[in-house]
Structures are given as structure tokens and as C-alpha cells.
Amino acid sequence: MTTLTTTDPRTGATSATDIEPTDAAGVAALAQAAASAFTELRSRPRAWRAGLLRALADGLEADRASLVGAALAETGLPEARLNGELSRSAFQFRLFADAVDEGGYLEAVIDHAGDTPLGPGPDVRRMLVPIGPVAVFGASNFPFAFSVVGGDTASALAAGCPVVIKAHSSHLVTSQRSFDSLSRTASAYGAPAGTLGIVYGQQAGSQLVADPRITAVGFTGSLSTGKILQSIIDERETPIPFYGELSSLNPLVITPGAAAERTAAIGEGLFTSVTGSAGQLCTKPGVAFVPVGAAGDALVADVVARATDAAAQTLLNSRIHGAFDEIRTRLIAEGGARSLVAPRAGEDGFSLTPAVLEIDAKDVTPAVAEEAFGPLVVVMRYSTVSEVRDALQAVPHSLTATIHSASDESAVRGELTDAARDLVGRIVYDGYPTGVRVSWGMNHGGPWPATNTQHTSVGVTAIRRFLRPLAWQDAPVDVLPDELRDGPVDVPRRVDGVLRLAGS
């Protein structure tokens with residue numbers, strides 16, 4: 001069988017790997033192994049599962065040099081960024097381990113039998129249980145944090161679900177080494193065979209989603225590919241949840257007061273946020289609303305100067321590199337934007353410099369509100385908040401919105417918050433949306449097409465995607481999970497309507 005190749009985006013050079021595309025029989029075997037592992041994995045106690053997650057984190061850090069080295073050659077991302085991302089992946093595994101130990105994610109409830117206003121009631125006990133084998137698709141722009149060793153894998157394992165990963169074609173060797181690290185550690189820890197699996201090749205990814213033993217899919221990627229995967233799910237005999245993070249423009253609004261107070265600081269921050277990781281972040285602000293007038297002019301001039309002087313940055317692959325100027329040209333020709341800074345191709349590989357476009361907010365249509373994956377921002381000049389509100393209706397719903405305002409602009413800040421709250425999953429104030437904190441409180445999701453789910457893909461509550469509720473009615477004590485038995489337990493739960501903390 002022909003082996004797959006990998007390309008260094010810094011040079012454009014392609015080289016062979018020892019990785020073969022996974023055939024249909026291989027996909028089926030991995031799905032069956034995951035289904036077999038699920039029976040055992042879901043019965044392991046929470047303490048065992050938390051220990052597995054911590055061991056996986058330790059294994060990643062032990063393999064750091066090999067993993068980062070592979071990612072450097074396949075993504076062109078800076079070494080500091082890749083080291084930080086791998087640290088984030090290890091942190092995520094440990095954070096989910098803490099959540100598993102704490103047990104609140106189970107949402108355990110006990111309603112004892114007894115009289116109710118509606119008559120005698122049965123004993124009902126409920127908590128969340130793992131959903132089954134999960135397919136996880138690696139993302140091109142996050143070779144660690146949203147790929148083989150990313151949050152989807154960590155949260156699914158934390159829930160008690162086996163994971164079969166589809167490696168991204170842009171970083172095959174990184175994916176292979178990442179999987180090897182996880183697989184070795186899991187095996188040494190005593191995880192059942194089939195707890196982790198990996199497939200390679202586009203066709204294998206489609207077959208994985210279609211396999212009846214897969215019970216959920218986690219995906220971070222383009223809207224077009226997400227729609228293809230959803231169509232495969234729609235053809236299954238049994239539909240399953242598709243948790244896709246797909247497309248986001250992340251509008252950023254600068255008020256007149258903020259533009260006047262912090263012209264240079266906002267110009268620098270906006271430019272850094274737009275061009276960080278070559279603009280290939282899902283939370284990059286793709287459109288920025290800037291007020292008309294002297295302060296707004298100065299802010300735009302600052303961004304233009306920075307973009308004009310910027311060096312070329314490497315994009316992840318040839319497809320992204322080729323699509324970048326196609327989309328930029330379309331935003332001008334069909335969307336009516338004006339070019340303030342045109343990109344220049346770099347001398348080596350898939351590299352280019354940033355681009356800046358401008359349009360009057362009153363002229364904004366959906367044609368100028370297309371995501372351009374890379375270092376590009378469309379500056380939308382506005383005179384009134386109503387112009388911003390109207391233009392936001394043409395911008396697809398997003399992961400984030402950002403509002404920069406002055407301390408004495410509470411009224412306009414409130415208006416902008418009201419305009420944004422139904423359009424996004426996170427509102428940022430006087431900061432920048434790039435850089436997503438991994439925490440209990442984070443929400444990384446938004447209305448369609450940002451995602452197609454009401455859940456986050458970052459933070460502890462991402463585990464909820466891979467769990468389902470199960471109730472036991474009048475159950476003998478011997479069939480109940482430990483967390484639902486009477487007496488003190490190590491998880492918080494609601495007993496007869498009263499919330500009780502662990503130990504009671």
C-alpha cells in the first residue's frame with residue numbers, strides 16, 4: 001500500500017512517511033476494539049480514571065522534545081507556541097483528572113420513595129454515564145491542544161469513553177508520535193486494549209463516522225468539512241451527536257472613548273491578535289469596528305503601519321495559503337471592501353504578510369463577512385451604535401465578541417453587550433479573544449456556524465458532551481453505582497431536592 005507524505009510548510013518540501021492510509025477493515029477493527037474496551041472502561045472507578053489521565057499528562061511531558069520537533073517540521077508554528085500548546089494539553093488532562101476526582105460532573109440525584117403532592121412516588125436515582133466510543137478529528141491549527149492529545153480526547157477519556165482519533169493530514173508524524181505516547185502510557189497503566197485508536201486518511205475518517213459502534217464525534221475544522229461529516233451521520237441508521245467547531249469571525253468593537261484613550265495600545269493589541277500564529281486561530285478577530293473620526297483614523301493608521309512593516313509568516317499548508325488571497329479578493333470584489341494593505345508572498349514555503357481591508361459599516365453585507373483563515377482583518381468604520389448593531393446581523397454567529405470601551409461609556413457598553421449576547425458564546429471586555437483559558441468557567445462555543453452544539457469544547461464542562469443521563473427506579477442497592485447509594489459519598493449530589501456536598 002502507498003504510504004502517506006508530509007510537507008514542511010516552512011519550505012514546501014514534501015517527504016515520505018511510514019504511515020499507510022487505514023483501510024475499511026482497519027477502521028472496523030479499531031471501532032470494534034473501542035466498543036469492547038468501553039464495557040470495561042466505564043466500570044473502572046473514578047480514581048482509576050483520574051490516575052490514567054495524570055499518567056497520560058506525565059507521558060506527554062516526557063516525550064516533549066520528540067513531539068515538538070515533529071510539529072515544528074509539519075506546522076511551521078514557533079517552538080515557543082508549540083511548547084506552550086503541549087503544556088496546555090498536559091494541563092487539560094490533569095484538570096479533567098481533578099474534575100473526575102471531584103465528581104460534580106456526574107450531576108448525581110437521589111429522590112427517595114415517598115408521598116408527593118401527586119401521590120406516592122417511586123425511588124428514582126439519576127446521574128450521567130459515558131456515552132460510548134468517541135471519534136475525535138485532529139485540527140490543522142492545533143497539533144496538540146485540539147488534535148490527538150487535545151481536549152476532545154481528554155474529556156472523552158475523563159467521561160469513561162474510548163477514543164478513536166482521525167489524524168490530520170497536515171501533521172501526520174506529529175499525530176503518530178502523539179498517539180504512540182498516549183498508547184504506551186495507557187498500556188503501561190493497565191488500560192484495556194482499544195481504549196485508544198488512530199486512523200489515517202480522509203476515507204478512513206468518513207468510515208469511522210459511519211461505523212455503528214461510534215457514538216459521538218468531536219471535530220474542529222472547516223464549515224464545509226463539518227457539513228460533510230454531518231451528512232454522513234444523517235445517513236446512519238442511528239444518528240449520533242456531532243460536536244463541531246466550524247467557523248468564526250469574532251467581531252471586535254472599539255468605542256469612540258476607547259479609540260481616543262488607548263489608540264496605540266489597542267492598535268498593537270488588535271494587530272497582535274489578528275496575526276498571532278499567522279492568524280490561524282479560531283478566535284482571531286476577523287472584523288473590527290472602528291469609529292469614524294480622528295481617533296479612529298489614527299488607530300487604523302497604526303494597524304496599517306504594523307501590517308505594512310510585518311515580516312512574512314508561515315501558514316499551515318498549501319490549501320490555506322492558496323485560499324487566503326482567493327477569499328481576500330472575493331471580499332473586495334463581491335463584498336465591497338477596500339484594500340489598505342495587500343499581502344506579499346514570502347520567499348520560502350507557504351508564507352505571506354498580513355492584509356488589512358476596510359469598509360463602511362453601513363455597507364456591510366454577508367459577502368464581506370466570510371472567514372479568511374490567516375492574518376487578515378476587515379476594519380468596519382461606523383458612526384453610530386445602530387450601524388454596528390445592523391452590521392453585526394450580517395456577520396455569522398461566532399465564538400466570541402470583544403468590546404473595548406472607556407470607563408465612562410457604560411450606556412454604549414450596555415448597548416453593545418445587548419447586541420452581541422445572542423450572537424456569540426463569549427464576550428470579552430477590553431482584551432482580545434485569542435488565548436482561551438482552560439478552566440471551569442470557560443465557554444468555547446457559540447451559535448451556528450461557530451459550533452453546532454450548546455456545549456463548550458474547552459474547559460471542564462466539555463466532558464458533558466460525552467455523557468448521557470441514566471435513571472435507576474426502585475433499583476436494588478447491588479446494581480446502583482457507588483455514587484447513588486445511601487450514606488456518605490465522595491461526590492456532591494442532590495438528595496430529595498437538597499444539594500449536599502461530598503461527604504454527606
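Residues are numbered from 1 along each chain as its sequence is written, and side-chain values use heavy atoms, with hydrogens and water left out. Because the model is predicted, local features need pLDDT of at least 70 and side-chain atom pairs count only at pLDDT 80 or more, while totals for chains, interfaces and linings use all residues.

## Cores

A nonpolar core is a set of buried Ala, Val, Leu, Ile, Met, Phe, Trp, Tyr and Cys residues joined through side-chain atoms within 4.5 Å. Buried means under 20% relative accessible area; exposed is over 50%, and partly exposed lies in between (1.4 Å probe, protein chains only). In soluble globular proteins, nonpolar side chains tend to be buried together.

The largest nonpolar core holds 102 residues. Phe-93, Phe-289, Val-378 and Phe-466 touch the most other members. A second, separate core has 20 residues, including Val-290, Val-300, Val-377 and Val-379.

What does Phe-466 contact, leaving aside its neighbours within four places in sequence? Contact means heavy atoms within 4.5 Å. Among the partners of Phe-466 are Val-129, Pro-130, Ile-131 and Val-134. Asp-152, Ser-155, Cys-161 and Tyr-243 are also on the list.

Cys-161 itself is buried, because its relative accessible area is 0%. Cys-282 also counts as buried, at 12% relative accessibility. A disulfide is a pair of cysteine sulfur atoms within 2.5 Å. By this rule the model has zero disulfides.

## Trp-472

Trp-472 sits in strand β21. Helices (H or I, at least four residues) and strands (E, at least two) are DSSP runs, numbered from the N terminus. Is Trp-472 buried or exposed? Its relative accessible area is 15%, so Trp-472 is buried. Beyond its neighbours within four places in sequence, Trp-472 contacts Asp-123, Val-124, Arg-125, Met-127 and Val-129, among others. Its contacts also include Val-479, Leu-480, Pro-481 and Leu-484. Ala-167 is 305 residues from Trp-472 along the chain, and their C-alpha atoms are separated by 39 Å.

## Pockets and cavities

Rolling a probe the size of a water molecule over the atoms shows where empty space is left. The search uses a 1 Å grid over the protein atoms alone. A cavity is a set of points where a 1.4 Å probe fits but cannot get out. A pocket is an open set with protein on both sides within 12 Å along at least five of seven lines. Lining residues have an atom within 4 Å of a point. Grid points are joined across faces, edges and corners, and a volume is the space filled by probe spheres set on the points.

For the linings, Ala, Val, Leu, Ile, Met, Phe, Trp, Tyr, Cys and Pro count as nonpolar, Asp, Glu, Lys and Arg as charged, and the others, Gly among them, as polar.

| Space | Volume | Lining by class |
|---|---|---|
| Largest pocket | about 1400 Å³ | 22 nonpolar, 22 polar, six charged |
| Second largest pocket | about 420 Å³ | eleven nonpolar, one polar, eight charged |
| Largest cavity | about 70 Å³ | two nonpolar, nine polar, three charged |

The largest pocket is lined by 50 residues. Ser-140, His-168, Ser-222, Thr-225 and Arg-319 lie nearest its centre. Elements giving two or more residues to this lining are β1 (5-8), α7 (202-210), β10 (216-220), α8 (223-235) and α12 (318-333). The largest share, six residues, comes from α12.

The second largest pocket has 20 lining residues. Closest to its centre are Arg-42, Arg-44, Arg-49, Met-127 and Glu-483. Here α2 (46-62), β6 (124-130) and β21 (467-473) each give two or more residues. With four residues, β6 gives the most.

The count is four cavities of 30 Å³ or more. In the largest cavity, 14 residues form the lining, and Tyr-243, Glu-245, Thr-453, Ser-457 and Arg-465 are the closest to its centre. Both β10 and β11 (242-245) supply at least two lining residues. The largest share, three residues, comes from β11.

## Backbone sites

A cis peptide bond joins Trp-448 and Pro-449, with omega of about 10°. Pro-449 lies in the loop between β20 (424-429) and β21.

Asp-474, a residue other than glycine, has a positive phi near 50°. Its place is the loop between β21 and β22 (493-495). Asp-496 is not a glycine either, and has a positive phi of about 50°. Asp-496 lies in the loop between β22 and β23 (498-500). Asp-496 is partly exposed, because its relative accessible area is 43%.
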